[in-house]
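Reader: I'd like a close look at one part of this model. Please keep it brisk.

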Amino acid sequence: MIINIKQFFWSNIQKSFVVFAVLFFIACAKKETLTTASFKTNSGWGYTIAYKEKILIKQSVIPVISATKSFETETDALKVADLVKQKLKQNLSPTVTKNELILLKIKL
């Protein structure tokens with residue numbers, strides 16, 4: 001029995017590619033587990049970051065600044081929440097610096 005090596009090789013490559021494509025699609029379609037949300041405080045806005053619906057961080061005041069003050073707008077709170085979420089995804093410390101607040105144009 002003569003086996004066509006070239007055909008056998010390409011057949012296996014094609015099967016491997018299909019399996020890889022399916023796994024890649026599943027990985028990309030994976031539901032994001034870290035979520036952010038805003039909430040209203042007595043003096044402005046705050047944010048939460050949750051992992052699988054369990055709140056990890058609840059921030060009702062602007063971090064870093066010396067005054068106890070909430071975010072002026074919901075947009076500002078969500079900007080900082082997204083920054084912290086990105087840091088958590090990269091396994092970095094979730095701390096925020098004053099310079100990062102300035103770069104995000106957060107009203108202090």
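Reader: In which strand does Thr-48 lie? Please take me through that strand and its surroundings.

Author: Thr-48 lies in strand β2, residues 45-51. Strands here are DSSP runs of E with at least two residues, helices are runs of H or I with at least four, and both are numbered from the N terminus. This is a predicted model, in which local features need pLDDT of at least 70 and side-chain atom pairs count only at pLDDT 80 or more, while totals for chains, interfaces and linings use all residues. Residues are numbered from 1 along each chain as its sequence is written, and side-chain values use heavy atoms, with hydrogens and water left out.

Start with Thr-48 itself. Thr-48 counts as buried because its relative accessibility is 11%. Buried means under 20% relative accessible area, exposed over 50%, and partly exposed in between, with a 1.4 Å probe and protein chains only. Beyond its neighbours within four places in sequence, Thr-48 is in contact with Thr-35, Thr-36, Ala-37, Phe-39, Ile-55, Ile-57 and Lys-58. Contact means heavy atoms within 4.5 Å.

Now the sheet. Three strands form an open sheet in the order β1-β2-β3, with antiparallel pairing. Two strands pair if DSSP finds at least two bridges between them. The edge strands are β1 (34-40) and β3 (54-59), each pairing on one side only. From one strand to the next, the twist averages 25°. Seven bridges join β1 to β2. Lys-40 stands opposite Trp-45 in β2.

A helix comes next. α2 packs on the sheet and touches β1, β2 and β3. Its direction makes about 30° with that of β2. Such angles run from 0 to 180 degrees between N-to-C directions, with axes fitted to C-alpha atoms, for helices over the stretch in contact.

Last, the core. The largest nonpolar core has 14 residues; Tyr-47 and Ile-49 are among those touching the most other members. A nonpolar core is a set of buried Ala, Val, Leu, Ile, Met, Phe, Trp, Tyr and Cys residues joined through side-chain atoms within 4.5 Å. β2 and α2 (74-89) are the elements that give two or more residues to this core. α2 gives the most, with four residues.
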